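Trainee: Before we look at the model, could you take me through how its chains meet and how its strands are arranged?
Mentor: Gladly; let us go through it one question at a time.

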Amino acid sequence: MNNQPTVAPASQDTVSLEYLTFTLGDEHYGLDIMKVREIRGYEPVTKIANAPAFIKGVLNLRGDIVPIVDLRLKFNVGEASYNEFTIVIMLHINERIVGIVVDAVSDVINMQASDIKPPPEFGVAFDSQYLYGLAPVNEQMIILLNIEKLISSQELGLFDNNAVALEG
Amino acid sequence: MSMDMSQFHGVFIEESHEHLDEMEHLLLALDPSSPDVEELNSIFRAAHSIKGGSGMFAFDALITVTHVMENIFDRARQGKFQFSARVIDGLLSAVDTLRTLLKSYTDATEPDWALVNTATADLELILDPSSEPAVDTKEQAYGFFVSVGAESSSSESSEGSTEASVKVGERDDEGFGFFEPLVSTAEAPMEAGGEGSNEVTENGDDEGFGFFEPLPGPATAELDQVDDEGFGFFAPSGQSDNQVYADEKGFPVSDGVSEEAITPATGLMDKPRPAAAKLAVTGSGKADSKAKPESTEASSIRVDIVKIDSLVNLVGELVITQSMLNLIGDELTGPTVERLHSALSELERNTRELQEGIMSIRMLPMSFVFNRFPRVVRDLSKKLNKKVDLQIEGGQTEIDKGLIERLVDPLTHLVRNSLDHGIELPDVRAARGKPETGRLTLKAEQKGGNILISVLDDGGGLDRDRILVKAYENNIDVVENPTDQQVWQLIMSAGFSTAAEVTDVSGRGVGMDVVKRNIESMGGRLEIESEAGLGSSFQIRLPLTLAILDGMSIAVGGQMFIIPLVNIIESVQPDKPQLKRIGNQQVLDLRDAYWPIVRLHQVMEVEPKSEDPCEGILVLIETSKTRFALLVDELIGQQQVVIKSLEQHYRRVPGVAGATIMGDGSVALILDAESLALRVEESVAVRSGNE
């Protein structure tokens, strides 16, 4: 996993970060807003053969062919239904664009690094290695994702070279 | 005077490479027993241009070597020197030395002076050891006007020319100041200089002139031009003052002359740089160009490839937009629709022409690659004591520039392989009843949407048994009872080499798999044919262009796919009796040929309208290696598509070559017939597992 760039924890102590919060099923999540390219409604995608079910397919984002991942399917949260409220967050990660399907986008929150509590070891759909921590906002717990690590992880298998590098 | 000359380095280096290629080419073509004077002149010019340019940038290492080379050619031109094959060898190796030196200047590293000294010594040995020593001191003294000293050594009127050089030096100082603002104009005229410069070096017999070259360009150019009515070309730089030079024998007066030249020089500085650079470029041009009208001289320009690429992308987008418009046009009804349609078809035609036009900008003839091989073959065959006759066919076949650059390495490797392993030693050949001289053919041709580049030799062919033994030794997986094709593929496995001993020619065992990977990364394929005792053939099959594809769009289970048109032979709606079964494989019996059926819905994991081939369409597909029938729901239509990479944001998908954006903005996958073919066997296995 060494090849995956991670945010150095030290830098978080002093920096105030903005997170985009969204919901998957009943849970509230947040991700670094700097990684977000745009937010758009769910559109039908072109299915890709031999891909796991959580990779819905690809779509045309102004000339780029972009894969769409349904995190709800991957991590068994909520119900993978697609209606006019279903949202796709387009992420810009490692020079690549990836769309993730979520149930709803709620807010942008400002978070001091010191407010972020360490993530629980269990009880969350995501493996703790993909989490920054928990942030209490308005009596809600928001689970902050390390989205970069999650998207480029081998577990999702989105990127070829990543997998190759890890095997090597 | 201080000025950043480094901005011109790139141009100089690029041009010098062209000169070196030219020199090498001419040297190889040169007949040692009766050298053609025109050819000698051309070589001289090439060497001279490099020297001139090097003088300007104080690339002393280059100067030293080219200077001696120049002397040799100069003597030869005057008939005072006899060429031999050995001399040409020496000169060729000097060309290599120059390349190495140029490389070190490119990387801004210190040149290898030991190399320079050996090269110079070798060359001087070739020439005549007696005449040289004075030259060096002069070169030192004049620093970057070295060429002067260089010239003077071989010039009868060295006095005069030396003086002139000093003057030029002054003028140069003044002149440089003017260079700076002009840089931007440098590009276009540079190409234009064309024929004019030939004059310069051609008249180079009057040695003193040559050294002007690296300096303020126009001035020198005109000097010589005067003799050849070359005026017109330089008209824009207002060189009238240079009439002074009209007398070629103006040497003795060169003192006064250059005094005068100082004044015009500042005026001339208008475009000094372009012309100077051009001198360097085209000094090697054809000698007969004197007579050409000026209009042809501005016929090409240098353009950054990035600009062209962005045009290519834009046109790609335009094609998509245009097909969107077509779709919308089809939906409309009303009185104006007729006119809309004719406007749209006009647009379609224009778009297509624009697209072809832009793609053709990127096209270069294959001879760009092929021209380096006479040298490779000559050197190698000598080293290996083999007699080889190289034939090049189809050098004018055009191919994308991006591919040209990437073809060099794989092709070089294949040629070396064929020489090293393929073609036998003369006595072996004689014993086998073949002519002693082996034949190696490099061929390029266009076949449909593909470029086919072949390396053919009439050597021993691949040794099936030895390959197999070697494969076992190296623990490479081998299928049982492999076909010849499968055996040939083995040599492209990593770490495979059948050479009995490792030579510096080939046999490190890293070769063929790299070749294969390189070719595949260009979207091409390497095919091997071989006949024991008769020879082997390596064929590289490359797509003509990288960006746009003629495709047939088809639908399966509500999803669109594109099949490259080149792979499609025909489409049929089968009748029951035509469907047969061979083992577990369902096949189509069409006109006594059997086509295994591949169900696209299975490969692509979509729900088809019907599983029954009789209710769908069978698209007969031929790839380089197999043929099969692809079962699809329906054909939609033929169209041009822009290939988009799936890997840019996702990853490689088996059976899919890329994706494209359809007229309605949706994404359709482009099928890769070749890798679908590989799945033919797989799907048989899967199906037999299911049943």
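Mentor: Two strands count as paired if DSSP finds at least two bridges between them. Please keep in mind throughout that this is a predicted model.

Trainee: With that rule, how many bridges pair strand S6 of chain A with strand S7 of chain A?
Mentor: Strand S6 of chain A covers residues 87-93 and strand S7 of chain A covers residues 96-102, and the two pair in the antiparallel sense. Within this pairing, A:Val88 stands opposite A:Val101 in S7(A). The count of bridges between S6 and S7 of chain A is seven.

Trainee: Which strands of chain A stand at the edges of the open sheet, and why is one side of each left without a neighbour?
Mentor: Five strands of chain A form this open sheet in the order S3-S6-S7-S5-S4, with mixed pairing. Each edge strand has a single partner strand, so one side of it has no neighbour in the sheet. Neighbouring strands here are turned by 30° against each other on average, direction ignored. The edge strands of chain A are S3 (36-41) and S4 (55-61).

Trainee: In S10 of chain A, which residue is the bridge partner of A:Tyr29?
Mentor: Strand S2 of chain A (residues 27-32) runs parallel to strand S10 of chain A (residues 140-145), and four bridges join them. In S10(A), the partner of A:Tyr29 is A:Ile143.

Trainee: Which residue in the hairpin of S9(A) and S10(A) takes a positive phi?
Mentor: Strand S9 of chain A (residues 131-137) runs antiparallel to S10(A) and is joined to it by six bridges, and A:Pro136 has A:Met141 as its bridge partner in S10(A). Two residues lie between the strands of this hairpin, and the residue with a positive phi, near 50°, is A:Asn138.

Trainee: Turning to chain B, by what angle are neighbouring strands of its six-stranded open sheet turned against each other on average?
Mentor: The strands of this sheet follow the order S10-S14-S15-S13-S12-S11 in chain B, and the pairing is mixed. Strands S10 (568-572) and S11 (579-582) of chain B stand at the edges with a single partner strand each, so one side of each lacks a neighbour in the sheet. On average, and with direction ignored, neighbouring strands are turned by 35°.

Trainee: Which residue in S15(B) is the bridge partner of B:Ile597?
Mentor: Strand S13 of chain B (residues 593-599) and strand S15 of chain B (residues 627-632) run parallel and are joined by three bridges. In S15(B), the partner of B:Ile597 is B:Ala629.

Methods
Residues are numbered from 1 along each chain as its sequence is written. Chains are lettered from A and ligands numbered from 1 in the order in which they are written. This is a predicted model: local features need pLDDT of at least 70, side-chain atom pairs count only at pLDDT 80 or more; totals for chains, interfaces and linings use all residues. Side-chain values use heavy atoms; hydrogens and water are left out. Axes are lines fitted to C-alpha atoms, for helices over the stretch in contact, and angles run from 0 to 180 degrees between N-to-C directions.
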